[in-house]
Amino acid sequence: MNTTEEYNAVIDFCKNLFVNKTKDYGTSWRIMRLSSITDQLYIKAKRIRTLEIKQVSKVGEDIAGEFVAIVNYCVIALLQLEMGEEGEENLDAAFVEQKYTEKVNQTRDLMFAKNHDYGEAWRDMRISSMTDMILMKLHRVKQIENNDGKTIVSEGLAANYQDMLNYAVFALIKMGFTDKK
């Protein structure tokens, strides 16, 4: 098990999808407020949890696709945090790809630091626990947003989005996503 290779394989797939959607739709996500991105992430995570419990999908979209969406919406949130909600809506695809890579590299660096300290504990976690961790982080993010982005002693918004992104990548690795793509 090579975490670097597995992580990069998942990110490569997610990034390719993101870049191609940018070519199709432009940067329409720039119109979204951070709270709307958080709610979109909540919808994705809640759907995963529902599918884990019910084990039946009536619309045919699978759990892996929802984890991919979480990765990409977390990158969007990190980009919006950096660029602000107001500003240029139509961004160049090459610029967006460069910023995507920058945000993912920062998030991967955080993961390696935590992996060192926690000894890759995520490999022993259940995917359902990762889903729950993402949902818990979303509740934290909503509370921080309700507090106008201010925290007293807790991690801020970016750290929570990064953690959610990493949990989604871990879930995809555990699901064997890197073998299929």
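**Close-up 1. Phe13, a residue of helix α1.** Phe13 sits in helix α1; helices here are DSSP runs of H or I with at least four residues, numbered from the N terminus. With a relative accessible area of 29%, Phe13 counts as partly exposed, a label that falls between buried (under 20% relative accessible area) and exposed (over 50%), worked out with a 1.4 Å probe and protein chains only. Follow the chain 164 residues along and you reach Phe177, whose C-alpha atom is 9.6 Å from that of Phe13. A quick note before moving on: this is a predicted model, where local features need pLDDT of at least 70 and side-chain atom pairs count only at pLDDT 80 or more, while totals for chains, interfaces and linings use all residues. Residues are numbered from 1 along each chain as its sequence is written, and side-chain values use heavy atoms, with hydrogens and water left out.

Close-up 2. The structure has 0 disulfides, a disulfide being a pair of cysteine sulfur atoms within 2.5 Å. Cys14 is buried, at 0% relative accessibility, and Cys74 is buried with a relative accessible area of 0%.

**Close-up 3. The ring cluster around Phe18.** Ring pairs join Phe18, Trp29 and Tyr100 into a cluster. Rings of Phe, Tyr and Trp (its six-membered ring) pair if their centres lie within 6.5 Å, and planes under 30 degrees apart are called stacked, over 60 edge-to-face and the rest tilted. The whole structure holds 5 aromatic pairs. In one of them, Phe18 and Trp29 have ring centres 6.3 Å apart and planes at 45 degrees, so this pair is tilted. Phe18 belongs to helix α1 and Trp29 to the loop between α1 and α2, 11 residues apart. Phe18 and Trp29 are both buried. Now look at Phe18 and Tyr100: their ring centres are 4.9 Å apart with planes at 45 degrees, so that pair is tilted too. Since Phe18 is in helix α1 and Tyr100 in helix α4, the pair ties together parts 82 residues apart in sequence. Tyr100 is buried, as is Phe18.

**Close-up 4. A lysine over a tyrosine ring.** Lys142 lies over the face of Tyr42, at 4.1 Å from the ring centre. A charge counts as over a ring if NZ of Lys or CZ of Arg is within 6 Å of the ring centre and within 35 degrees of the ring normal.

**Close-up 5. The largest pocket.** This pocket has a volume of about 460 Å³. On a 1 Å grid over the protein atoms alone, a pocket is an open set of points with protein on both sides within 12 Å along at least five of seven lines, and lining residues have an atom within 4 Å of a point. The volume is the space filled by probe spheres set on the points. Of its 21 lining residues, Lys21, Ala69, Asn72, Tyr73 and Ile76 are the closest to the centre. Helix α3 gives the most to the lining, with 7 residues.

**Close-up 6. The second largest pocket.** Here the volume is about 320 Å³. Among the 15 lining residues, the closest to the centre are Lys114, Tyr118, Asp163, Tyr167 and Phe170. Helix α4 is the top contributor to this lining, with 5 residues.

Definitions and conventions
On a 1 Å grid over the protein atoms alone, a cavity is a set of points where a 1.4 Å probe fits but cannot get out, and a pocket is an open set with protein on both sides within 12 Å along at least five of seven lines; lining residues have an atom within 4 Å of a point. Helices (H or I, at least four residues) and strands (E, at least two) are DSSP runs, numbered from the N terminus.
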